[in-house]
Amino acid sequence: MASKSNGVEGSEWARAPPPTGTCMGRVAKIFYDPSDGSILGRTPKRWGIALVFYSVFYAVLALLFAACMGGLFLTLDENKPSFILESSLIGANPGVAFRPMPADGVLVEVTNNRTSESYVRQLREFLAPYSNDSWFTAKSGCTEEDNYGFPSSPCFFIKLNKIYGWIPDLYDVSDLPSDMGSDLVEYINSLQPPEREQIWVSCWAEAAGSGSVEYPWGAGLPARFFPYVNERGYRAPLLPIRVTPNVSNSTIAIRCRAWAKNIRYNKSLKEPSGYARILLQVNDFDA
């Protein structure tokens with residue numbers, strides 16, 4: 001008696017035997033079989049079913065993705081980050097930056113026989129938005145009229161990086177830090193109380209005798225510009241420093257530090273912060 005497996009007589013073929021013919025003929029039938037009109041093993045009808053299925057599948061998948069992204073963007077505020085200050089990735093310690101930035105990211109070249117046009121042009125473009133601000137136009141020194149001090153005594157503009165909602169915790173004149181320079185302490189004490197509402201900035205040459213630093217506009221960033229809340233037309237305060245090199249044919253480093261109780265200086269070797277370091281390549285200057 002013939003056995004059955006899954007309802008199929010064991011004495012009969014469950015599937016048709018493989019087609020006979022030459023090797024090339026069998027390979028050709030993989031791509032097109034004229035007996036049933038199949039292409040790559042599927043008839044046009046089955047190809048149509050597969051195409052409709054995957055079209056609907058990916059359309060639904062794209063719709064779900066679009067709905068998720070749309071819901072996400074609807075929850076975002078265009079003007080305020082979802083995570084600010086301590087909860088954000090950048091934290092609540094503002095970095096200190098300077099302009100103009102060197103072209104190669106390392107050095108600003110200062111020479112005695114030519115004007116550094118690229119740096120002057122960069123400053124002109126950077127400062128153009130401030131041209132209608134009364135506090136800016138009232139300043140003298142380190143302006144386009146004096147070529148921003150280039151090349152003999154170049155000016156650099158110190159700024160704090162923008163951190164949404166950050167409010168400076170200012171030092172009181174009776175509680176200035178012990179490591180603050182005596183020149184800055186004397187300058188702060190010479191101001192009237194309303195003028196002391198500032199984030200102080202001090203700069204110095206890392207190598208003694210390599211250069212001197214002046215503050216044409218004073219030594220502080222006014223606290224009235226903070227907090228930054230992404231208001232239209234907001235422009236961060238700037239503080240110029242004028243650097244006069246005392247050496248020639250060498251590289252000098254100027255370090256500028258911002259002073260407030262909630263600005264941490266040089267947090268760690270892996271995370272330097274609270275200061276900017278300006279490198280100048282000085283050429284053809286009389287010692």
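Let's start with Leu123: does it count as buried or exposed, and why?

Author: Happy to, and keep in mind that this is a predicted model. Leu123 counts as buried because its relative accessibility is 0%, and under 20% is what buried takes. You'll find Leu123 in helix H3, which covers residues 117–127. Leaving aside residues up to four places away in sequence, Leu123 touches Arg99, Pro100, Tyr148, Phe150, Cys155 and Phe157. Take Phe157: 34 residues separate Leu123 from Phe157 in sequence, yet their C-alpha atoms are 8.8 Å apart in space.

Now follow another of those contacts, Cys155. A disulfide ties Cys155 to Cys142, with 2.0 Å from S to S. This pair links distant parts of the chain, 13 residues apart: Cys155 belongs to strand S7 (155–160), while Cys142 sits in the loop between helix H4 (134–137) and that strand. The torsion about the S-S bond of Cys142 and Cys155 is about -70 degrees, so this disulfide is left-handed. Cys155 is buried, at a relative accessible area of 0%, and Cys142 is buried too, at 1%.

The whole structure has two disulfides. The other pair is Cys203 and Cys256, with sulfur atoms 2.1 Å apart. Cys203 lies in strand S8 (residues 198–205) and Cys256 in strand S12 (residues 250–259), so to speak distant parts of the chain, 53 residues apart. Their link is right-handed, with 115 degrees about the S-S bond, and both cysteines are buried.

Conventions. Residues numbered from 1 in each chain as written. Predicted model: local features only at pLDDT ≥ 70, side-chain atom pairs only at ≥ 80, totals over all residues. Heavy atoms only, no water. Helix = DSSP H or I, 4+ residues; strand = E, 2+ residues; numbered from the N terminus. Buried < 20%, exposed > 50% of the residue type's maximum accessible area, 1.4 Å probe, protein only. Contact = heavy atoms within 4.5 Å. Disulfide = S-S within 2.5 Å.
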